[in-house]
Amino acid sequence: MRKGVVFLPLLQGEEELIRKSVDKALRKHEATRENLIPILLQVQEALGYLPGLAMEQIAAALKMPAVEVYGLATFYNQFRLHPPGKHQVKVCMGTACYMVGGRIALECFERRLGIKEGETTPDREFSLERVACVGCCTMAPVVVVDEHVEGKVTPTRVDGILLSFGKAIASGAEAAGKKGEGAS
Amino acid sequence: MRGNAAAVQERYLKLKAGADARVKALYSEPVIRVGTATCGIAAGALPVKEAFARAVEEKGLPAKVIEVGCMGHCYAEPLAIISRPGFPSLCYGYLDAELAARLVEDFLINDDPCYEFALVALEPNDVFPTFSDFPRGVYEQKIVLEHCGFIDPGDIDHYIARGGYGALAAALGKNPAEVLEAVKASHLRGRGGAGFPAGLKWEAAVKAGSGEKYVICNADEGDPGAFMDRGILESCPHQVIEGMLLCAYAVGAEKGYFYIRAEYPLAVERVRRALEQAREKGLLGKDILGSDFSCELEIFQGSGAFVCGEATALVRSMEGKMGIPATRPPRLAEAGYRGRPTVLNNVKTFAYVPPILNRGVEWFRSIGTEDNPGTAVFSLVGKVAHTGLVEVPMGTTLRQLIYDVGEGLANGKAFKAVQIGGPSGGCLPESALDIPIDFDSLQEAGAIMGSGGLVVLDEDDCMVAIARYFLEFTQQESCGKCTFCRLGTKHMLDILTRITEGRGEPQDLEILEELAEEVRAGSLCNLGATAPNPVLTTLRYFRDEYEAHIFEKRCPALMCKELIVYYIEPQRCSKLCNVCVGSCPVEAIYTREDGLKAIDQEKCVKCDNCLKTCPPDYNAVIKLSPPGLLAEKEGKRP
Ligand SMILES: Cc1cc2nc3c(=O)[nH]c(=O)nc-3n(C[C@H](O)[C@H](O)[C@H](O)COP(=O)(O)O)c2cc1C
Ligand code: FES
């Protein structure tokens, strides 16, 4: 079971967008309980995530309590309740990757981006997630960045990936300075 | 018998003749087959494919570049097979764009097949070894993976030309009962984990009476370290479709579903395309091949919950509910999807059916062992040299699988354990390597066959950490219905976390064992009932590692972060090289007055980077456990 989620405030014009996507999904799928997952998936595909408002509207259309839709969305890993970053970083935590440093890679991203797994940077530039085996265990540890698979990701490569997106990496000195005294 | 057997056969032969002609025409000129399953794409197969295509075009050659699935040799991706009339088909690995261009020029223009880059030839010949000349080829026997990596999954004719849908055409000329009888007689056991005989399951659905029935293919593949089902769907979707249609025919279903996890977009796309093509050819939908048997297949995308791989939870999630397992009986075969009789099988289970019907029950039963006929398909990963998708007869030993098929351990490390069956399975030590691979023997040893994930672990892997990893997984994926599964696993996880962090207590192991027993007994579905397996097997075979963590605060594999420190050996540090200093993400490494490098332990985040980047000539960075060893080392500093 997954933890509760705090919804981020909507952007300007996002409400309109949500309504449109929900309507579209409801036109494609009959508003029945059986179609709830396909409807949610389609809305998520359009918006990149499932805002609370969308779930409320879908619940109303299916004549069911919103909390049930919310319960379902939090039950399945596939649904995300927070907006995706412009660049989505997914760190593989499958068995093979975990054993050869997947966690180290995840921690590096957390450190560099200043967010925890499952979060999005406040500027919505990066989001960070963990995923189960992406089927490339041969190249473990694996990180999927915007659908592009990166193999053998060491901490140095983490920096390389972020730099390639123009993310300024705090130099070691700054990072160390923040943590306390500098190196002697 | 449904409709006119002769007419059905005639229609099929016409399809076959058309497919044969197309494929023959294709291979009358050079063909380059590039492996573009997920594994290949990740390794860079798409740029390689483009490079081939570009080179072919630039040189104005009549060669065709096509996409195929996964051949199973994932360690050597990107892979391509080049077939040129007059030469044996040759498979090349570790490709990049440059090598691709060179192969086009050398092989296709200058008649030099560049044997130095070839891995293997597909057909017997006088010049280059074939699969059967390698140990792997000796042990491997492919039934489910037979066509994977050799045919274009996006072109139904490639499957038909290899005899695909022939079993369906022949079956439509027989009674459904004959198909059921053959599957029963084959003793085919379900490959989703439990090994339940497929024939009995199908028979139960037949006995459940007439009316609406469903066939569902379980492609949820939740084991976090396995990818066989995806590999099959991406590489040869038609074999699974044919198997499902045969099942539908045998049990009298007219509707079926592929339940594929949404994390597998490429598999979803390839199955969708395969279904469309089958429909166009009259192999799916109304009056298949002109018989009066109709069956429609659709895709349902699962949403990523491990428990939804469980049969009853899967069906509930298809009904739009939360995927929470239900008590059985009633079994799905009696009351499943929408309350109707439903046959649910794994991807591989269905994929066995066409070959069984084509080649006969006797043939199938001659492979493997008496109680476990056929083959076992594994995704072989971890610290093994040749990772990939492998298929060996049941009864092959783990040792043969790891050392002969997988070519032993990577990087010359020592073997420690093999993890089989994912979160429901266990870790087996060296002493268990000679047990044969089959449902029953593995269970006896404390692991399970599972759906086929096999991870090889070496001396650098901590057994407590891996037990904790799997328990964390099941704990998060527990649907929360059963108290023992929900709270018992949480309690176990807390204890394991404490142990890996050096806060274990002497009585912990006993408590773990008691909890494991309770969780096993008190859970409704197999998620909970098998969740303690990784812990129990590691406790059984690697108890000394737990004890080292608890009593000495030491991690023998040097993996648990809280129990290790990084240290730079002054005797080995070169002084002049600055690589570690530059690689440290938190500036914990500094240069001492005497030029040697040292680590500020306060700042070190144990990211392992300095150890990885220190040039092999020096290898000066080491890990110490327990952390107390550091004082000893530093005392001895020059
Ligand atoms: C927690 C859990 C997860 C499962 N995951 C899968 C899975 O990913 N794929 C699968 O085929 N079977 C899975 N199973 C087994 C199914 O319940 C079911 O037995 C199987 O799909 C039946 O197919 P078979 O008879 O062909 O093996 C899982 C079972 C449990 C308890
Ligand atoms: S475990 Fe990471 S790709 Fe398989």
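Helices, of at least four residues, and strands, of at least two, are DSSP runs numbered from the N terminus, and the places of residues below are given by them. The model you're looking at is predicted, so treat these exercises as practice in reading a computed structure.

**Exercise 1. Find the place of B:K606 and work out whether B:K606 is buried or exposed.**

*Step 1.* Start with the flanking elements. B:K606 sits in the loop between β17 (597–599) and α25 of chain B.

*Step 2.* Now check the accessibility. The cut-off for buried is under 20% relative accessible area. B:K606 has 18%, so B:K606 is buried.

*Step 3.* Look at the backbone too. B:K606 isn't a glycine, yet its phi is positive, near 60°. Most residues other than glycine have a negative phi, and most peptide bonds are trans.

*Step 4.* Finally, see what B:K606 lines. The largest cavity has 14 lining residues, and B:K606 is one of those nearest its centre, along with B:C584, B:C604, B:C607 and B:C610.

**Exercise 2. Describe the largest cavity: what is its volume, and how does its lining divide?**

*Step 1.* Count first. There are 9 cavities of 30 Å³ or more.

*Step 2.* Take the largest cavity and read off its volume, which is about 100 Å³.

*Step 3.* Sort the lining by residue type. You get 11 nonpolar, 1 polar and 2 charged residues. Cysteine counts as nonpolar and lysine as charged here, which is how B:C584 and B:K606, both in the lining, get sorted.

**Exercise 3. Which residues of helix α7 of chain A are buried, and why do they end up on the same side?**

*Step 1.* List them. Helix α7 of chain A spans residues 155–164, and its buried residues are A:P155, A:V158, A:D159, A:I161 and A:L162.

*Step 2.* Look down the axis. These residues cover an arc of only 160° around it, so they fall on the same side of α7(A).

*Step 3.* Recall the helix geometry. An α-helix has 3.6 residues a turn, so residues three or four places apart point the same way.

*Step 4.* Ask what does the covering. In chain A, the cover includes α6 (102–113), β2 (126–131), β3 (143–145) and β4 (148–150).

*Step 5.* Step past the end of the helix. Just after α7(A), A:G166 takes a positive phi of about 75°.

**Exercise 4. Compare the places of A:E147 and B:R230: is each one buried or exposed?**

*Step 1.* You'll find A:E147 in the loop between β3 and β4 of chain A.

*Step 2.* Classify A:E147. Its relative accessibility is 67%, so A:E147 counts as exposed.

*Step 3.* A:C108 is 39 residues from A:E147 along the chain, and their C-alpha atoms are 20 Å apart.

*Step 4.* See what B:R230 touches. Neighbours within four places in sequence aside, B:R230 contacts B:T38, B:E221, B:Y264 and B:A267 in chain B, plus A:V134 and A:G135 in chain A.

**Exercise 5. Sketch the layout of chain A: how many helices and strands does it have, and into which domains is it divided?**

*Step 1.* Chain A has 8 helices and 4 strands.

*Step 2.* Finish with burial: 51% of the 184 residues of chain A count as buried.

Technical notes:
Residues numbered from 1 in each chain as written. Chains lettered and ligands numbered in written order. Predicted model: local features only at pLDDT ≥ 70, side-chain atom pairs only at ≥ 80, totals over all residues. Heavy atoms only, no water. Buried < 20%, exposed > 50% of the residue type's maximum accessible area, 1.4 Å probe, protein only. Arc of directions from axis to C-beta. Contact = heavy atoms within 4.5 Å. 1 Å grid on protein atoms, 1.4 Å probe; cavity = no way out; pocket = protein on both sides within 12 Å on 5 of 7 lines; lining within 4 Å. Points joined across faces, edges and corners; volume = space filled by probe spheres on them.
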